[in-house]
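Here is a short tour for someone meeting this structure for the first time. Keep the 3D view open and follow along.

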Amino acid sequence: MLKPGTILDERYEIIDVVGTGGMSTVYRAKDERLKRYVAIKVLKSDYSNDANFVTKFKVEAQASAGLTHPNIVSVYDVSEDNGRYFIVMELVEGITLKEYINLNGRLSMDQALDFSIQIASGVEAAHEHHVIHRDIKPQNIIVSKNGNLKVTDFGIAKAATSNTMSTAGMGSVHYISPEQARGGYSDERSDIYSLGITMYEMVTGRVPFEGDTNVAIALMHIQNEIIPPREYFPDIYSSFEKVIMKATQKKPERRYLTAAALIADLNRVKANPNIDIIVAPQKVPDAPTQQFTNQEMQKIQAEVRNGQRERVTSEVRPDRQRLNELINEADDEYDDYGYEDEYDYPDERSGRGRSGRLSSIKRVPDDDDDYYDDEIYERRRRREEDEDVDPKLAKAVMIGGIAAAVIVAAIILIIVGNVMGWFKFGGSSDSTTVSITESNSAVGSSTASDTAVSEEKVLEMIEVEGYTQLAAEKSLKDQGFMNIKIETAYDDKKPAEYVISANHKKGEKLPESTEIVLTVSLGAEKAIVPDVSGYTDEQASKVIEEAGFVVNHAFEFSDTVEKDKIIRTNPEKNMEADKGSKVILVVSNGSEIKKVEVPKVTGISESAATTSLEAVKLSVGTVTHEHSDSEKGIVIRQSIATGSEVEEGTKVDIVVSDGPQIITYTGSISGSITASDPDFLETDMGVTAVAYITDGSGSHQVASLDVASADKASISISGKVTGLTSSDGTVTVTVTDDSGADVTAYYRNTLTITFTPE
């Protein structure tokens, strides 16, 4: 474990521990070179000392460094410092999806769909760059503060699994795909399986398999069937359940082959939770079996429902060939693996389970009623019986069967021909599907001469609910109904142009002229999203609900909108949206208390310091001045140390230099000068005496005295001068007579000088 303050690669300073796992420890660190915070994943010594693992680790980490996507944690650097191998990644503030589920329990359908699409988008971006994760699980998905999801650890799992490691070293096996559990080849579809298990946990709050050991859990992924999520929580969308069950198929080719296909179905469920998701085997690349289109499926279903397989037209016959191929392929797979697929519904006729691959050939109705294709059942039953029959006996039985079939066909042909008037065996028949007789005679006495007969076919009503209008009309016309009427209505569950209902139920026997009324959806009724900006949450919720919408909430920090007031809506105000749809009220949490790093402002001018602090949303506090050796106007101290983290808006006090301090002195002189020449004293002339103090800055006059001749023998002088810059200097006196002649030489100087600091 690295201590805070440790420097890696002379660049990254460790701050604290974010989390630890089986392979590594994650630290929050600061990139001193780029001045940003990062996450550093440091390999534990058990792996750092394995040269083979380290080589694979570097290659895979460098490959994942090329991934750039909003739902992938970016990798900035891969490096080594004194035997410590580490990855430098984007620092995402948040918690893992596992922690999020533990805190919040099972997620709502909308949130689970949103999270699933975000995770799948990140996985899709990686797969497009040929990077497979191999360890998708909630522990490797980070939920950021703003609700965005980011997948981390791309590429690392491959380095781990390619090395000889225990399952304990690899982490949880609750999300491992069957092929990974077997130790076989894994590809993009392994990530899709693990994502399917993650989606399962999001909607149920639990993983599908629990066991006492990792080995036991891994075996369950290989052998055990997953309990459908709706058995735990019936409120889960049936369409979402089918997406999850398809993603978690045991065999890779039965799953979504790409993350893009998974995202497409998730978006379809998000747009319309009642939509059908067919859990059918995907087309395997290079496989001889072809996929059915929706139109082809509808034709086959119509034939099965009506019991009219003999009427299959030449247009449908190629479909029959492909149906045979698919049946054979499905049977082969059933025999090879010895277990049935996720949707293993019991067959009422035989008590045996039906393979999910076989039953998935049908269109799954909205009400989840099971529908079994009679022909598939018969083919399977005959195939199983044939396996136990002696070949010679089987051949004899087949020949006899063919002969019997020919005889029966001939009898049926004769009977039908007689009824339809093709043959004349003793009489004629004008009977049709429906005979309506009206008699003008007495009851019981009608004859052919007084009876009017009207003939009309009887048809069976087919299922049209959930079809598009065009598909429903075509299917009805193919069935024989021509009197079709369209009505429209708003519906928040059926998309526009889809059939909501029909005036007759599936299976009803109706004359072909019956009017079939289809009620077609116009989609959800539209309404305008009201402008509730600045409203309180309670006020806004009431207005939005009265407009016909469902209220959801999100929260954001705002420097401009008061706490608990509405910042905006999603969809935005005045936009048109479906009635009954969700409108998110974005509520203000007030100003966010953000931490910023205090910059260094010493050594720069006061104005530059102010600009530097304001750039990081700090401000200058108290400004004081003092003398220093620094240039005047330069900041010499700051109240908060450089690099400290403080809240935005904090005031930083500064001290500004007034330049070096200058000490001045007061120079004081005292004493007297005395005349030394008696002849000079006898002259009748006065003198003027001027005293000076001379220091390093020059001479400064202290006193000037005019003295009469009577007093000039001894002259007392005193005085002082201020503002001297030095405490070292001398005193001088100049004496002149009344005529201006310098007579200083006639005097002896006994003056003294003292300096006092001011």
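Is glutamine 249 buried or exposed? The model is a predicted one, and its computed areas give a clear reply. Glutamine 249 has a relative accessible area of 1%. Buried means under 20%, so glutamine 249 is buried. Look for this residue in a loop, the one between helix 10 (238-247) and helix 11 (259-271). Its side chain has a polar atom 3.0 Å from the backbone oxygen of methionine 245.

Stay in this region and turn to the nonpolar residues. The largest nonpolar core has 52 residues. Six of them touch the most other members: Leu97, Ile119, Met199, Met202, Phe240 and Val243. Helix 4 supplies the largest share, with 10 residues.

Now pick out valine 243. Leaving aside residues up to four places away in sequence, valine 243 touches Met199, Tyr256, Leu262, Asp265, Leu266, Val269 and Ile277. There is another core, apart from the largest one. That core has 23 residues, among them Ala675, Ile693, Val707 and Val721.

Find isoleucine 141, and opposite it stands valine 151 in strand 9.

How many salt bridges does a search of the whole structure find? The search finds 26. One of them joins aspartate 187 and arginine 189, with N and O 2.9 Å apart. Both of these residues are buried.

Compare that with the salt bridge between aspartate 578 and lysine 526. Here the closest N and O atoms are 2.4 Å apart. This pair links distant parts of the chain, 52 residues apart. Aspartate 578 sits in strand 20 (residues 576-578), and lysine 526 sits in strand 17 (residues 526-528). Aspartate 578 has 29% relative accessibility, so it counts as partly exposed. Lysine 526 is partly exposed too, because its relative accessible area is 44%.

Another salt bridge connects aspartate 564 with lysine 563, where the closest N and O atoms lie 3.6 Å apart. Aspartate 564 has a relative accessible area of 44%, which means that it is partly exposed. Lysine 563 is at 49%, so it also counts as partly exposed. Some salt bridges share partners, and in this way Asp16, Arg28 and Glu93 are joined into one network.

Definitions and conventions: Residues numbered from 1 in each chain as written. Predicted model: local features only at pLDDT ≥ 70, side-chain atom pairs only at ≥ 80, totals over all residues. Heavy atoms only, no water. Salt bridge = Lys/Arg side-chain N within 4 Å of Asp/Glu carboxyl O. Buried < 20%, exposed > 50% of the residue type's maximum accessible area, 1.4 Å probe, protein only. Helix = DSSP H or I, 4+ residues; strand = E, 2+ residues; numbered from the N terminus. Polar contact = N/O pair within 3.5 Å; in protein donor to acceptor, adjacent residues only side chain to side chain. Core = buried A, V, L, I, M, F, W, Y, C linked by side-chain atoms within 4.5 Å. Contact = heavy atoms within 4.5 Å. Pairing = 2+ DSSP bridges.
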